[in-house]
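Notebook open. I want to look up the aromatic rings first, then the nonpolar cores.

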Amino acid sequence: MYIHMKKALLFSFFMSALMMLHAQHDSSKIHISNDTIRPPRLKVGVVLGGGGAKGASHIGALKYIEEMGIPVDYVAGTSMGSIIGGFYALGYSPEELTKLISEMKWSEYIGNRIDRPMLSEEMRLRNSTMVMQVPFSLESLLDNRKNSSFISQLPSAYVNNSSLVNLFNDLCIGYQEEMDFNDLPIPFACVATDMITGKEVVLRNGSISTAMRASMAIPGVFSPVTIGDKVLVDGGLVNNFPADVLRDMGADIIIGVEVTSTKIVTADDLKSLPQVFARLLITSTSAKRQENRAMCDVHIVPDISGFGMLSFTPDAIDTLVGRGYKKANEFHDQLLAIKEAVDASAGHPVSKTLRAPHAKNLTNDSVLLRSIVVNNVSNHDSRWLIRKGELAVGNSYTKDDIERAMNIYRGTGCYDEITYQIKECDSVHWNSRLSEAYDLSINMKTAQPHVFGLGIRYDTEEGAAILLNIGLNEKRFNGSKLNFSTKLSYNPRINLTYTYSRSSLANFNLSFDYRNEHFRSRGFHNKYVNLHYQQMKANAYISEFHLLNFSTSAGVSYINTTFDKSSFDGNNAFDSVYYANNTMLAPFVKFQYDNLDDAYFANHGILTNLGTHFYYMPSTKDKYFDFSYAFQYYFTPGNGRFTIIPQVYGRFVTHIKPSYAFVGYYNIRNTCGGEIAGRHFENQMPFIGLTSVEDASVDLTQNASIFRCDLRYNFYGKHYLTAMYNVSMPWGLLGTGGMAFSDIIHFMAQGAGLRYSYNSFLGPISLTAHWFNSDENNHFGAYFSFGYTF
């Protein structure tokens, strides 16, 4: 073992001088305490290198160092080493660190994920229909500066700061102020890279959570951190093993833990982005790394084979911690020598001592809020946001309570970053007792106001389709918004919606819809027609999207429908009635409850849609009323792989004052068919087994329900297999011609299907084989689809 000789020689010199002085004055009985002039004891520093999830092995090494009784006086780290080292410097024990790292929901932090029930209705719709969303600002685009362009407004990384900053802040309560890191329970430093100069930046003061976040900001994955005039990213680009920083802090003895693989690299080891990035760090800092390794008195390199930068599963973390401990144990003799040297320099046995109190962990504790401040928003919006997040002064909250409020705010889509700090303040008298109190400060960074969206889809019923969307002021909390969408396909659609929004009031909306539909439909006597119609609809309505999981709307529509009869069968006696061009006024009320955890592959939750219309035909004075309902329930027993999905769809439509003895006008009759509700007609109900639209007059009549049950099996990763069965119930036939329930069973239609699905990042990919039985005939078919539904 090598221990730096300067301090050791200095220590020997002072001890010799002390003994000579004591001997010289012994006769005069003058006593000088050894402690009075004893030089400071040897200081121990621990350096922790970067390496993503592999850095969990640092915890095992720290655990063994503690068990040896070696005091750690300084900690320095880079990237993942800065996270482990930073929390260790805040007073967390290796056991606490193991629990923290293994229980963190890394996929949510890395994936920037917000639970779907926390999203607003607009955000849910966008996320379930578009493969790409790009926010932008017209002001920046129109700016004449060279760096003002659409490209310059693209996100700087896949993950922004807020989730990780909030995670770190939750774990360092008591140390969230700007401070000197020497004042932490253990002095700390970490390394980042300045993107402007390309130079190393050593962070030894400021916000510790921000410093850790900057040190592990992998370019392209995590957004850079701006501190003053510096734009900081992962320190591993310049110094992934900062032993030299420890020397500058005052460490006499350095123990290094490095998680770089010693395996000879081949082409097979460089196939993924994390592998390439890890290798880039190694090659770009090779010379610096060798210098820093030479500074270490003990250099521990745990076995991290079989694990990568993203191996954050609990089992992987436990294994890596164990390997770090095992490797440190191999250096028992060297570590024991360090322990003895430190004790000798102090003149007595020493152990780990924190210079300040342990940081408070909001994950385990609750805090009483003395004040709540929301920055960068108006006073009106601040009050609404606090109320919406169910926060109030004088109440105690846990991390989950506060994070739920932040997710609700993020779910509006109006803010790019939302971070918060919980700062200690003077104790307050609350409920007749003195309690520790805290101030909650929430920082909002407003998103770019506008957004461009793109969706793609292909299926065997309609062919290829592209969705283009531009939302002006879409990401503004209040004020006027304008949204334009167009579907480019065999059945094109256009929507233009103006919205005036106020956070505390309902939205006021004006919209125009145009659709041009071509599809095959079956009518009376099993006759098929290639139906073509155009419809224009103007809507004025109020809506409320701020109610979590609920959405409501009420208003009136002006609808004009024009049918192209050129392709109809001339023998169809009902063409003039069914497919009569019509114009109608239709007041409506709609209600939706949706708490599904995923739009396409939900495991839990309920989706309910209720709606009613009153149709009035000005030209004929005809009046119709309808009530529609749809219900889906997703249940996964024991959070396993099987999901049971019972469903009910139905609609009741009746005439109040008709021109005919039955409900005419095809566009308001009950129809069913296909896998997508409302695909060709607003009132179309899905029915597995039917590829064409089924006319209501065949089986569904004016009052009908479809009962369906799916059994889905997640057999591997993102692969699913779903068995489906549905049956139609024509309630409208009850009592017709004396028919009883046992009679109408003969008019029921049945369908079944077996679907394979893969949940790709571009949307679901599905292949369905299906069967349909009606009029004692069996029909078989298949259906393929790729992409989100729109």
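Which residues do ring pairs link into a cluster with Phe 519? I find Tyr 533, Phe 563 and Phe 681 joined to Phe 519 by ring pairs. I note that this is a predicted model.

**Entry 1: aromatic pairs.** I searched the whole structure and got 22 aromatic pairs. I looked up Phe 87 with Tyr 92. Their ring centres are 5.9 Å apart and the planes stand at 80 degrees, so I log the pair as edge-to-face. Phe 87 is buried, at 1% relative accessible area. Tyr 92 is buried too, with 1% relative accessibility.

Next I took Phe 519 and Phe 681. This pair is edge-to-face, with 5.5 Å between centres and 90 degrees between planes. Phe 519 is in strand β20 (residues 507-522), while Phe 681 is in the loop between β27 (671-672) and β28 (684-685), so the pair ties together parts 162 residues apart in sequence. I checked burial: Phe 519 is buried at 9% relative accessibility, and Phe 681 is buried at 2%.

**Entry 2: a charge over a ring.** I found the charged end of Lys 590 over the ring of Phe 588, 5.4 Å from the ring centre.

**Entry 3: cores.** The largest nonpolar core has 77 residues. Phe 87, Leu 90, Leu 184, Phe 188, Ile 255, Leu 335 and Ile 338 touch the most other members. Helix α4 (residues 80-89) supplies the largest share of this core, six residues. A second, separate core holds 31 residues, including Ile 114, Leu 362, Ile 402 and Ile 408.

I went back to Phe 87. Leaving aside neighbours within four places in sequence, Phe 87 contacts Tyr 92, Leu 97, Met 104, Phe 168, Leu 171 and Met 212.

Note on methods: Residues numbered from 1 in each chain as written. Predicted model: local features only at pLDDT ≥ 70, side-chain atom pairs only at ≥ 80, totals over all residues. Heavy atoms only, no water. Core = buried A, V, L, I, M, F, W, Y, C linked by side-chain atoms within 4.5 Å. Buried < 20%, exposed > 50% of the residue type's maximum accessible area, 1.4 Å probe, protein only. Helix = DSSP H or I, 4+ residues; strand = E, 2+ residues; numbered from the N terminus. Contact = heavy atoms within 4.5 Å. Phe/Tyr/Trp six-rings, centres within 6.5 Å; stacked < 30°, edge-to-face > 60°. Lys NZ or Arg CZ within 6 Å of the ring centre and 35° of its normal.
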